[in-house]
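Have the sequence and the 3D view side by side as you read.

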Amino acid sequence: MAEVFDDETEQTISIQEYLKEVEEQELEADLVLGGDEGKECTYNKGYMKRQAIFSCLTCTPDGNAGVCTACSLSCHDGHEIVELWTKRNFRCDCGNSKFGNFVCKLFSNKDVENSNNSYNHNFKGSYCICNRPYPDPDVEEQVEMIQCCMCEDWFHEEHLGLSSIDEIPRDEEGEPLYEDFICKACSAVCSFLSQYPSSIWAVGRQSDTSMDVSNKIDASELPASTSVKHNDDVNLHDSANADPTVDTDKSAGKDSLLSELPENPSSSEPIKDNNQTDSCVLGTSLSASIIVENKPMFLSKNWRGALCRCEKCINNYKLNNISFLLDEEDSIAEYEKMAKQKREEKLLQQEGAESKLFDNLGHVEKIEILNGIADMKDEIRTFLESFDSSKPITSADIHQVFENLAKKRRRTE
């Protein structure tokens, strides 16, 4: 009996700790969901810049479809769901041809297929070059993973292609000093970033962490010259430190870089941008590199704002399917910022609704509510003052508090 009591004591937390934990969980959920309350299917919003996406392995075991928050809750409740955090340029697939005879409960009139959606092995519940699930059932302690801001896959720190995880820019407390991360495979498309000032790189970046500078070429042509050929027989996420025992097949090509990047409509006309400039920020005489060995990149805060927006560069971003890098709202940081704003607005609306309801009450009702709050405060204070702090608060104690309040109310009626 004593052992049971000790175990119960160890699991107890204070009311303040509990409320703080609940608030942190609600905030974390809002950051992931982007403030989406999950009441309506997002299909009508088209290919959203960024939204929370889920994969239902019960309905689509091949991992070739994704559904929005609302559909994951309403249409796929009780199914085997994979949480994918967020995906860019994605439209809800729920109920389309990939789901057979399954019909979306929230919006049934959908196209047969969302041709602009991109899928990778994350939709099957696998991540990194090692194709392991997260959480991984075969390991006792789950290790941290980092998401590439381009292909949006997640990588274990030891599989980033670094000689040591100490190369990852962090502060003394271990917190990341970078805002965005580009994986080893995707760095091939972004080698032109080596032409930008050191201010775009997270502190701690070594001069040789991404590529060697050996030849001189026209910097304005760099993005186009570093495009990656899509080869269905090669998995672009393979690296020198990959586990040689991991099997790869031709389907891995579908998970390669270009298939994961969002497709943009082709056009022979130059892309116009509100911030487009006439002259190239990079100039035409800067030395550039022919890639010898691709390595991951760690970018500092607001690095996207430094990207050149001249006509040549913008069209080269388009050619390499990376125009989203110019969109400030594409970043996770901006997504979370908007989610926090939505959360604050929602809380203010709730407070306003409560205040409005109270103001519309009559004088007698207001007095009764205020007296009820005062009685509850007094009863809780009395309970805490007489309670042995060395013992845990049980459900029976809570029931007793409310029973005392009910008795007091009956005496005053």
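## A nonpolar patch

Helix α8 gives the largest share of the nonpolar patch, 3 residues. The patch sits on the surface and is made of M376, I380, L384, I393, I398 and F402, with about 520 Å² of accessible area together. Both α8 (363-386) and α9 (395-412) supply at least two of its residues.

M376 lies in α8 and is partly exposed, at 35% relative accessible area.

## Ground rules

This is a predicted model: local features need pLDDT of at least 70, side-chain atom pairs count only at pLDDT 80 or more, and totals for chains, interfaces and linings use all residues. Numbering runs from 1 along each chain as its sequence is written, and side-chain values use heavy atoms, with hydrogens and water left out.

Patch residues have over 30% relative accessible area and no salt bridge; like charges are joined within 9 Å, and nonpolar side chains (Val, Leu, Ile, Met, Phe, Trp, Tyr) within 5 Å. Buried is under 20% relative accessible area, exposed is over 50%, and partly exposed is in between (1.4 Å probe, protein chains only).

## A negative patch

E144, D171, E172, E173 and E175 form a negative surface patch. D171 is in the loop between β4 and β5 (180-182), and counts as partly exposed at 33% relative accessibility.

E152 is in the loop between β3 (145-147) and β4 (154-156). Beyond neighbours within four places in sequence, E152 is in contact (heavy atoms within 4.5 Å) with R50, T86, K87, R88, N122 and Q147.

Note on methods: Accessible areas come from the Shrake-Rupley method with a 1.4 Å probe; for residues, only the protein chains shown count as cover. A salt bridge is a side-chain nitrogen of Lys or Arg within 4 Å of a carboxyl oxygen of Asp or Glu. Helices (H or I, at least four residues) and strands (E, at least two) are DSSP runs, numbered from the N terminus. Lys and Arg count as positive and Asp and Glu as negative; His and the chain ends are not counted. The place of a charge is taken as NZ of Lys, CZ of Arg, CG of Asp or CD of Glu.
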